[in-house]
Amino acid sequence: MADQSASAALAARALALVDLTNLNDGCTDADIDALCARAVTPHGQVAAVCVYPAFVARSKARLAGTGVKVATVVNFPAGGDDTAAVVRETQQAIADGADEIDLVMPYRAFVAGRRGFAEEQIIRVKAAIPAPAQLKVILETGEIGDPLLIHQASQVAIAAGADFIKTSTGKVKINATLEAAEIMLTVIEETRRDHGRPVGFKPAGGIRTLDDATAYLALADRILGPNWATAATFRFGASGLLDALLDVIKGGTGSAREGY
């Protein structure tokens, strides 16, 4: 019973940190309505839903009064070089009511040595996001690969104004990993220590079970302290995770679910 109680408490902690995601090709209005309905549960609500820009206004209307935020993605998933287009996409998403913008940094340009270009795109997108809306920058760590470059990309994104740094789009072969998370959380800790600036972290892609979620929370607790990971500083980008967490809270095993 004690083990189940502890697991349920962990699941409840993780549930409040979920960015409940539908970035499926062919997503429909009905899918978005179902997603928003799932966001508020008898056991608590998720932090946000994450949807394509076309569904921001609908999500905002469906979630009015709940406190659940609406996040959307820009420059997604390719991380392209057309900064003007990305800024326009961001401005429209904000106009439609987005609370959070998840920007795919131009990671190919960054890896090719165009660090300044990547930084400038993030700066320009950040400038298009009025407070209290926030910017999450997706590094696509599985594609960057090299640990030193992941460290540098984290630094660049934070210096350019990221409120969160996020591992992945969920659309590539390698998405969130604990190895990338440790690098990114270490840069976040260094930023807090050296500059006093809070920056959040979002692992995304492949996080489907309580065990998955617990591993990332344990890492955050070790590097940044046991009280650091709250909805203001930590999110899970996931679609299948919520059902697994609810299963554990209700006394089940929280077996793996399909999804982002």
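Predicted model: local features only at pLDDT ≥ 70, side-chain atom pairs only at ≥ 80, totals over all residues.
1. Ring pairs overall. Searching the whole structure turns up four aromatic pairs. One of them joins tyrosine 52 and phenylalanine 76 in an edge-to-face arrangement, with 6.0 Å centre to centre and 75° between the planes.

2. Where that pair sits. Tyrosine 52 and phenylalanine 76 are 24 residues apart, and their pair links distant parts of the chain. Tyrosine 52 belongs to the loop between strand E4 (48–51) and helix H3 (56–62), while phenylalanine 76 belongs to the loop between strand E5 (69–74) and helix H4 (83–95). Phenylalanine 76 counts as buried because its relative accessibility is 16%, and the cut-off for buried is under 20%.

3. Is phenylalanine 234 buried or exposed? Phenylalanine 234 is buried, because its relative accessibility is 0%. Phenylalanine 236 is buried as well, with a relative accessible area of 0%.

4. Charges over rings. Which residue lies over the face of phenylalanine 117? That residue is arginine 114, at 4.4 Å from the ring centre. Elsewhere, lysine 136 places its charged end over the ring of phenylalanine 164, 6.0 Å from the centre of that ring.

Technical notes: Residues numbered from 1 in each chain as written. Heavy atoms only, no water. Phe/Tyr/Trp six-rings, centres within 6.5 Å; stacked < 30°, edge-to-face > 60°. Helix = DSSP H or I, 4+ residues; strand = E, 2+ residues; numbered from the N terminus. Buried < 20%, exposed > 50% of the residue type's maximum accessible area, 1.4 Å probe, protein only. Lys NZ or Arg CZ within 6 Å of the ring centre and 35° of its normal.
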